[in-house]
Amino acid sequence: MRERIDYRALFAATPSPYLVLGRDLVIVDVNRAYLLATGRTRAELVGRYIFDAFPDNPADPDADGVRNLSASLHWVLRSKEPDTMAVQKYDIPVAGRPGAFEERWWSPINTPVLGPDGQVEWIIHRVEDVTEFVLSRLPRPQGAGVLGEREAMEAELYARARELQQLNEELRKAHARERQIAVALQEAMLQSPDLAGHQDIAVRYMPAAGSLNVCGDWYDVVDLPGGFAVAVGDVVGHGLEAAATMGMLRSALSAAVRALHEPARALEVLGLYARSVEGALATTAAEAVIDNRVHRIRYSSAGHLPPVLVHPDGSFDLLDQATDPPLGARPRHLSRPQAELPYTPGDTLVLYTDGLIERRGEDIDVGLRRLTDTLTGHTRLAPERLADMLLARLGVSSGGRDDVALVVVRL
């Protein structure tokens with residue numbers, strides 16, 4: 001049997017300088033090599049925000065170390081991928097001399113460590129002090145002689161590394177602008193004008209982690225005579241193409257239920273329309289119409305996971321008695337089934353897409369049971385708090401492998 005490795009001792013003895021950051025970029029650990037490289041003590045660093053511990057040199061108007069490192073760390077948090085930075089000039093404070101800074105050059109690598117929820121738990125910030133090498137290779141004054149072939153190559157590599165750093169920064173800015181545009185597009189497509197009049201309805205939209213913040217899942221709330229309709233749907237795929245298909249199908253279903261007031265007939269119209277929409281094949285959707293006058297819910301599903309009606313005493317009903325194949329699954333048109341059940345004021349209706357409960361390598365019934373167990377244990381929470389709690393308990397509050405749409409209705 002191999003002896004157990006003491007990883008804390010291993011970390012402390014590692015010859016390369018290492019810093020461990022939390023998600024808030026506060027220093028949580030540091031090894032001896034890092035303390036030696038920076039001339040700091042453990043007490044001076046642990047528990048401090050990294051850029052409070054290592055600010056830019058105020059005497060250097062061209063200092064960009066904080067900006068570059070911050071961009072890299074935030075990219076690692078978003079992408080969950082390591083980032084190898086170009087050589088950085090990042091002066092550090094001189095121990096015992098307030099306001100004094102020492103010129104330093106570093107070669108940094110930032111590596112994420114993922115927690116059980118798949119999100120970044122820590123960032124390992126590893127640096128190598130290359131100050132001596134860089135200062136020895138900086139351009140010589142006139143008359144100091146001509147660089148040798150190796151020195152010239154090293155100087156060229158250093159210059160290219162700095163150019164790469166600038167290009168990476170420009171790419172990050174372009175990506176940030178692209179994400180902002182995508183978010184604005186998605187928000188425009190998910191507008192539900194009638195939602196503002198329902199204080200007891202909470203909605204959540206979570207794109208898959210690492211996506212462009214657009215997806216093919218949707219939710220909708222539509223006012224009807226004597227009540228209202230709620231719907232969720234899921235287009236196959238991710239990204240802009242799925243979002244564009246989603247926008248067309250969502251609008252069609254919203255119009256259909258406004259005209260017909262019946263969930264099954266509205267889904268029949270949507271199914272006919274979907275045959276002419278590229279990318280709509282195999283889309284799933286669920287529609288429920290709530291009649292406030294007689295306290296009944298009529299519902300229909302096109303291959304979608306069953307909504308859940310939770311009662312204050314912790315019991316629940318699955319709305320699974322009117323499920324038909326997804327859109328476009330049948331070669332010819334057939335009427336879709338519809339079912340109904342009563343509700344009592346104070347009940348909670350939850351509609352969702354599969355990203356909330358589906359996990360790779362796990363039976364879907366396990367995820368559904370996890371959802372119902374969570375719901376029945378928190379029947380008294382207000383819809384907004386219940387929606388946030390569901391995302392957290394099911395491990396998708398920061399995004400999961402698949403997109404998530406969620407609607408929580410207090411009836």
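Predicted model: local features only at pLDDT ≥ 70, side-chain atom pairs only at ≥ 80, totals over all residues.
Let me begin with strand 13, residues 296-302, and strand 17, which pair in the antiparallel sense over four bridges; two strands are said to pair if DSSP finds at least two bridges between them, and the strands themselves (E, at least two residues), like the helices (H or I, at least four), are DSSP runs numbered from the N terminus. Within this pairing, Leu341 in strand 17 is the bridge partner of Ile297. Buried here means under 20% relative accessible area, exposed means over 50%, and partly exposed lies in between, with a 1.4 Å probe and protein chains only.

Residues are numbered from 1 along each chain as its sequence is written, and side-chain values use heavy atoms, with hydrogens and water left out.

For the chain as a whole, the secondary structure comes to 11 helices and 19 strands, and buried residues make up 46% of the 411 residues. If we take contacts (heavy atoms within 4.5 Å) between residues at least 6 apart in sequence, 61% of them join residues at least 24 apart.

Turning to the helices, helix 9, residues 263-274, has 12 residues and reaches 16 Å from its first C-alpha to its last, close to the 16 Å expected at 1.5 Å a residue, where the expected span is 1.5 Å times one less than the number of residues. Its buried residues include Leu267, Glu268 and Leu270.

In helix 11, residues 383-393, the buried residues are Pro383, Leu386, Ala387, Met389, Leu390 and Leu391. They pack against strand 9 (201-206), strand 18 (348-352), helix 10 (364-376) and strand 19 (404-410). Helix 11 is followed by Gly395, whose phi is positive, near 75 degrees.

What else links helix 11 to strand 9? The side chains of Glu384 and Arg204 meet in a salt bridge at 2.7 Å, N to O, the term being used for a side-chain nitrogen of Lys or Arg within 4 Å of a carboxyl oxygen of Asp or Glu. The pair links distant parts of the chain, with Glu384 in helix 11 and Arg204 in strand 9, 180 residues apart. Glu384 is partly exposed, with a relative accessible area of 42%, whereas Arg204 is buried, at 15%.

By this rule the count comes to 19 salt bridges. Another of them joins Arg23 and Glu121, with the closest N and O atoms 3.8 Å apart. Arg23 lies in the loop between strand 1 (18-22) and strand 2 (27-30) and Glu121 lies in strand 8 (residues 120-129), so the pair ties together parts that are 98 residues apart in sequence. Arg23 is partly exposed, with a relative accessible area of 43%, and Glu121 is also partly exposed, at 25%.

A further salt bridge is formed by Glu102 and Arg104, whose closest N and O atoms are 3.4 Å apart. Here Glu102 counts as partly exposed at 36% relative accessibility, while Arg104 is buried, with a relative accessible area of 11%.
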